[in-house]
Amino acid sequence: MKKSGFQRFMEQGAVACAALTAVFGCCWLAFGGAFVALTITFATILYHFAVRLAVGAAVDRLTANGVNYRRSWFRQSRAEQKLFRLLRVRSWKLKLPTYTPEKFSLRDNTPEQVVGNMCAAEIIHEINIIASLVPVALSIAVPFLRSTLPVFILTSAWAGLFDLLFVIIQRFNRPRMMKLIQRRNTVHKITAQG
C-alpha cells in the first residue's frame, strides 16, 4: 500500500524532530543556555508526532474487526448539526489531509466499512486530543520544566486543535454515509421482495 503524503509527513516529521532533539540536546549539555528551550521544543513536537503515530497504529489494530458505529457516542446531535453549519465545515473539510485515503474510498470499501473507519479515525483523534495535554501536565509536575510551560501550552493547544478538526470532519460526514447505508438497505429489501 502506497503511503499518502500526510503519512510521509508524519513519519519524516518524527524523524526530523528526533534528530533535532538529539542535536540540540547535545549542544545543551555541551554549551548550556538557550539550547534548553530548543531541546524541549523539539522533544515536545517529537512527542506529538510519535504519540499520533502510536495511537493510530494501536487503534487500527484494536478496531481491525470493525467498530460498532451504531453506538450512541457516534451519533451526531442536533447541537452538533447547528455548530457544523456555523463553522461552515462543508467549505473547509476537503482542504485537510487524509492519512489513509484508501480507508474512506467507496471503491475499495463497503459503506459500512467506511463508516467503521470513520469511527476508528474519530477515536484516534479523540485520544490524541487527550494525549496532547500530557506535556502540559508534565511541565507543571516537573519543577525543572515549569519555566517552559508556555512552550508546552502552545504545542499542546495547536496539536489538540488540529486533531479536533478531524473529529469534526468525521462527525460531520458520518450521517451522510449512514443515509447511504439506509438507502442501499431499502433498495435491497425492495429488490428482495419484488
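Colleague: Is E102 buried, partly exposed or exposed, and which part of the chain holds it?

Modeller: In this predicted model, E102 is partly exposed, because its relative accessible area is 23%, and its place is in the loop between α4 and α5.

Colleague: How far is E102 from Q76, in sequence and in space?

Modeller: The two are 26 residues apart in sequence, and their C-alpha atoms are 24 Å apart in space.

Colleague: And what separates V136 and R176?

Modeller: Along the chain V136 and R176 are 40 residues apart, and the separation between their C-alpha atoms is 37 Å. V136 itself belongs to helix α6, which covers residues 134-141, and V136 counts as buried because its relative accessibility is 18%, with the cut-off for that class set at under 20%.

Colleague: Staying with α2, at what angle does it pack against α1?

Modeller: Helix α1, residues 5-31, and helix α2, residues 35-62, pack at an angle of about 155 degrees, and their axes are 8 Å apart. Angles over 145 degrees count as roughly antiparallel, so that is the description that applies to α1 and α2.

Colleague: Is the crossing of α1 and α2 left-handed or right-handed?

Modeller: The crossing of these two helices, α1 and α2, is left-handed.

Colleague: Switching to charges, how many salt bridges does a search of the whole structure find?

Modeller: Seven salt bridges turn up when the whole structure is searched. One of them joins D163 to R52, with 2.7 Å between the closest N and O atoms, and this pair links distant parts of the chain, since D163 is in helix α7 and R52 in helix α2, 111 residues apart.

Colleague: Are D163 and R52 buried or exposed?

Modeller: D163 is buried, with a relative accessibility of 2%, and R52 is buried as well, because its relative accessible area is 12%.

Colleague: OK, next one: which residue does E122 bridge to at 2.8 Å?

Modeller: That partner is R171, and 2.8 Å is the distance between the closest N and O atoms of the pair.

Colleague: How much relative accessible area do E122 and R171 have?

Modeller: E122 has a relative accessible area of 0% and is therefore buried, while R171 is at 10%, so R171 is buried too.

Colleague: Where does R174 come in, and how far is its N from the O of E122?

Modeller: The side chains of R174 and E122 also meet in a salt bridge, at 2.3 Å from N to O. This pair again links distant parts of the chain, with R174 in helix α7 and E122 in helix α5, 52 residues apart, and both R174 and E122 are buried.

Colleague: Which residues make up the network around E122?

Modeller: The residues linked in that network of salt bridges are E80, E122, R171 and R174.

Colleague: Changing topic to the backbone, what is the phi of R88?

Modeller: Phi of R88 is near 55 degrees, which is a positive value in a residue other than glycine. Most residues other than glycine have a negative phi. R88 is placed in the loop between α3, residues 78-87, and α4, residues 89-92, and R88 counts as exposed because its relative accessibility is 57%.

Colleague: Last topic, the surface: which residues form the nonpolar patch?

Modeller: The patch on the surface is formed by L154, W158, L161 and L164, which together have about 450 Å² of accessible area. L161, one of these residues, is found in helix α7, residues 149-193, and L161 is partly exposed, with a relative accessible area of 48%.

Colleague: Why is L161 partly exposed and not exposed?

Modeller: The reason is the cut-off, because exposed requires over 50% relative accessible area, and L161 is at 48%.

Notes:
Residues numbered from 1 in each chain as written. Predicted model: local features only at pLDDT ≥ 70, side-chain atom pairs only at ≥ 80, totals over all residues. Heavy atoms only, no water. Patch = residues over 30% accessible without salt bridge, like charges linked within 9 Å, V, L, I, M, F, W, Y side chains within 5 Å. Areas by Shrake-Rupley, 256 points an atom, 1.4 Å probe, with all protein chains shown as cover. Salt bridge = Lys/Arg side-chain N within 4 Å of Asp/Glu carboxyl O. Helix = DSSP H or I, 4+ residues; strand = E, 2+ residues; numbered from the N terminus. Buried < 20%, exposed > 50% of the residue type's maximum accessible area, 1.4 Å probe, protein only. Axes fitted to C-alpha atoms, helices over the stretch in contact; angles between N-to-C directions. Parallel < 35°, antiparallel > 145°, perpendicular 65-115°, else oblique. Left-handed = near helix turned anticlockwise from the far one by under 90°.
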